[in-house]
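The following note sets out numbered points on the model shown below.

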Amino acid sequence: MTQPFRLTALVSASPLLPPAQAGAYLDLATWARLASTLERGRFDALILADHQSTPSSEGGAPVPRLDPFMLVTAMAHVTRHLGFAVTASTALEIPAVLARRLSTLDHLTDGRIGWSIVAGHADTEAEARGQGSGLARAADYDRADEFLHVAYRLWQDSWEDGSVVRDRASGVFADATKVHSISHHGAHFDLETVHLTEPSPQRTPLLLHAGASPEGRRFAARHAEAVLVAGDSPVDVATQVRDIRTQAPSFGRAPQDISALAILASLPANASPARVADHLEGWIEDADVDGFALALPPDALADFAGHVVPELLRRRLLGADDTELALRTRFGGTARLKQSHTGSRAVA
Amino acid sequence: MSKEIRVNAFAMASPVHHSPGLWRHPEDRSLDFTSLAYWTDLAQDLEAGKFDALFIADSMASSEVYGGSYHAALRVGAQIPKLDPMVIVSAMALVTEHLGFGITSNALYEPPHPFARRMSTLDHLTKGRIGWNIVTGHTVSGARAVGQKSLTPHDERYAIAEDYLEAVYALWEASWDDDAVQPAGTAEAYADPAKVRAVVKDGPHFQLDAPHLSEPSPQRTPVLFQAGASSRGRAFAASHAECIFVSGPTPEVIGPVVADTRRRAAAAGRDPRDLKFFSMATTIVGATEEEARARLADYRRYINPEAALILFSGWTGIDFSKWDLDAPITFDSGSQGLVSALEAFSIADPNRVWTVRELAEHNAIGGRGPVFVGSPAQVADQIEAWVEATDVDGLNLSYAITPGGFRDFGTHVVPELQRRGRFKQDYAPGTLREKLYGAGHARLRDTHPGSRHRPLSAEPLQRAAG
């Protein structure tokens with residue numbers, strides 16, 4: 001029997017489909033509604049795709065895109081369980097600034113945050129398909145590895161467990177001897193600071209990656225707790241998943257520490273809920289994935305939540321309503337990074 | 001009505017803002033700063049009190065001037081830890097309709113292109129209620145955190161910020177025409193490529209060749225806040241700022257800064273009244289004066305003067321842990337820190353020389369600003385007198401305890417100011433800028449330097465070949 005699977009939605013903060021509703025992406029109410037719909041539909045997470053590459057002078061007007069980070073707390077306010085994985089590129093961000101932004105969100109969402117790591121300038125889906133401009137190259141992955149190393153040290157090593165006291169009687173907020181400045185002098189980054197936020201529920205956000213290139217798969221095998229994989233067929237996806245999982249032991253990890261999510265940009269048209277459920281079950285079996293990232297417009301996601309999810313629940317293909325809030329607990333772990341993960345072992 | 005007095009709430013996403021030690025008070029909720037409910041509750045309280053905006057201070061600094069390390073600050077939560085304020089906004093916007101949000105971001109840290117998109121995103125999502133507090137960072141620890149080798153000298157920071165503003169103005173004002181987005185269903189492309197332009201800029205510090213990633217938001221450029229009180233800071237504010245944050249212990253400190261900055265704005269071709277000054281102040285109000293005094297006495301049992309010195313060390317770059325508490329404070333013109341903070345205490349007010357101890361005691365509640373204590377009528381009297389003496393447009397209201405201090409102000413002082421015709425009866429419609437300048441003024445004034453980017457020199461993007 002198929003195990004319950006992970007269900008996520010992959011959406012850009014861009015003009016929406018159908019065209020008559022395109023401008024609704026500018027309205028906070030649209031995002032709050034989407035989040036509520038996904039939570040009612042038992043989705044584990046909403047993955048907010050993003051990229052910041054812009055067209056050259058040949059490319060026509062850009063498709064506008066909002067900064068996905070800015071959407072999260074409004075959606076968190078109207079939900080309790082739904083996770084939010086936000087895309088950010090290690091080619092564009094400043095490590096201490098991004099680390100604090102993600103820690104802030106992890107605090108404010110009670111541990112429901114993931115980071116969809118992009119190493120270049122393309123978005124999650126383009127990386128997964130290996131298509132489009134701005135794909136990460138080998139040099140981008142060198143930088144990404146160093147970025148992650150710095151981020152782990154800020155998240156995992158700067159504040160020891162037990163450093164936060166918050167004692168009203170004594171007036172002591174933190175035991176400063178248990179809070180350490182992180183000093184890093186590398187090829188791409190050179191900084192010195194304490195992490196500016198105290199430890200959040202997950203410390204390190206759930207780490208996701210979609211990278212179809214050899215460097216991308218290697219990076220995923222080392223860092224990712226969930227990988228997003230696109231392919232023309234379940235067999236194609238299975239090949240990629242196998243390659244990533246096979247590399248995991250060389251980074252001290254078990255192959256099953258990495259959850260695989262197949263990106264599905266369409267579902268069988270006009271099919272009954274039972275047929276769609278059969279289709280998904282087939283993918284789970286054949287593609288060796290643990291779940292899905294449905295790259296569908298909000299209307300289609302709402303339809304899915306309303307019609308297909310009840311069928312999936314009948315078949316026990318979706319987990320029971322979780323009481324654990326941290327996003328990582330839905331991906332086979334506890335709230336914190338596994339001890340075997342490279343981020344738990346970051347050293348100076 | 002007489003000149004309207006505007007009020008922003010002044011906060012930081014940290015256990016301490018300007019009243020260190022008060023998080024120990026049983027009625028204070030400062031320690032809930034990591035909870036989203038704290039912020040949505042606060043936003044709703046502020047909107048109920050008809051506050052103009054919530055202004056959130058921020059930095060990447062780790063308060064390591066005092067004693068040469070972050071240890072002393074961290075022990076008492078003196079502005080460390082602190083959260084990124086920008087991501088808190090959308091939840092607060094969801095539960096309010098009128099409250100503005102002034103968000104601090106450093107012009108020397110994040111590159112202009114992604115930052116411009118962040119602000120445009122927030123301006124869209126809040127329907128035009130966003131302001132940006134432009135800071136340039138005055139701490140070594142903040143500079144090192146973001147990967148800079150050392151702190152950039154004071155005046156050079158403003159030169160870099162000028163270049164940064166040129167870049168973000170062009171992205172906000174010039175890249176997309178108002179009618180660039182095509183009506184739904186009429187065209188294949190969402191936007192008309194002939195009406196979207198790449199911003200081409202080759203500045204001394206920032207180079208760009210890209211269109212803005214966001215379509216025009218209600219205000220395009222967010223309302224611009226700034227807090228420079230040094231000579232170079234005033235020149236910057238006179239040119240760019242729409243709202244200016246000033247702080248000091250007496251009207252004698254504030255008044256000349258306001259007058260000088262308005263004069264410089266006029267010389268730059270702006271209406272000096274287009275600059276809205278907000279003076280930092282804290283109010284402690286009771287039904288009667290006695291009740292207010294008792295409340296102040298209660299709060300003072302929780303103050304932490306050493307932590308006040310930690311914060312002052314951070315602002316000035318001077319390690320006060322090495323000073324004799326009874327030493328007079330003198331102005332050190334060689335300081336790379338916040339020159340204006342020291343000027344405020346030691347130079348601009350010729351009537352008083354402060355000792356370190358006096359300064360610590362003074363700053364322990366409400367930082368460098370005054371504390372107005374009394375019945376609603378007495379507090380209103382003090383506010384009116386302060387506004388009269390300084391020519392500021394309103395207050396940046398700090399607190400002894402939160403959200404109680406803000407709630408008390410909204411419940412007791414606002415109605416009194418309304419009775420006197422000094423405070424709005426209700427919010428004006430429209431964006432934050434329209435609330436400041438009136439209906440029809442959602443965009444930068446024509447006299448503002450950012451507006452000069454509107455007829456853009458950059459080339460339109462060409463249609464794709466073939």
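This is a predicted model: local features need pLDDT of at least 70, side-chain atom pairs count only at pLDDT 80 or more; totals for chains, interfaces and linings use all residues.

1. Chain A exposes about 12,300 Å², of which carbon and sulfur atoms supply 50%. Accessible areas come from the Shrake-Rupley method with a 1.4 Å probe, and for residues only the protein chains shown count as cover.

2. Residues are numbered from 1 along each chain as its sequence is written, chains are lettered from A and ligands numbered from 1 in the order in which they are written, and side-chain values use heavy atoms, with hydrogens and water left out.

3. Chain A contains 9 helices and 12 strands (DSSP runs numbered from the N terminus: helices are H or I of at least four residues, strands E of at least two). The radius of gyration of chain A is 20 Å, close to the 20 Å that the globule rule gives for 348 residues, so chain A is as compact as a globular protein of that length. This radius is taken over C-alpha atoms, and the rule is 2.2 Å times the number of residues to the power 0.38. Along the principal axes, the C-alpha atoms of chain A fill a box of roughly 60 × 50 × 40 Å.

4. Chain B has 15 helices and 11 strands. The C-alpha trace of chain B spans about 75 × 50 × 45 Å along its principal axes.

5. Of the 348 residues of chain A, 59% count as buried; in chain B, buried residues make up 65% of the 466. Buried means under 20% relative accessible area, exposed over 50%, and partly exposed in between (1.4 Å probe, protein chains only).

6. The two chains meet in a contact that takes 71 residues from chain A and 75 residues from chain B (contact means heavy atoms within 4.5 Å). Between them the chains bury about 6,100 Å², 61% of it on carbon and sulfur atoms. In chain A, the residues that lose the most area to chain B are A:M70, A:R168 and A:L196, together 13% of what that side buries. Buried area here is the accessible area (1.4 Å probe) that two parts lose on being put together, summed over both.

7. Where does A:A13 lie? Its place is in the loop between β1 (6–12) and α1 (28–40) of chain A. A:A13 is buried, with a relative accessible area of 2%. Leaving aside residues up to four places away in sequence, A:A13 touches several residues, including A:Y25, A:W31 and A:P64. The C-alpha atoms of A:A13 and A:P64 are 8.4 Å apart, although 51 residues separate them along the chain.

8. In chain B, B:L165 belongs to helix α6 (residues 154–174) and counts as buried at 0% relative accessibility. Residues up to four places away in sequence not being counted, B:L165 touches B:W132, B:I134, B:F236 and B:H240. B:I134 is 31 residues from B:L165 along the chain, with 9.4 Å between their C-alpha atoms.
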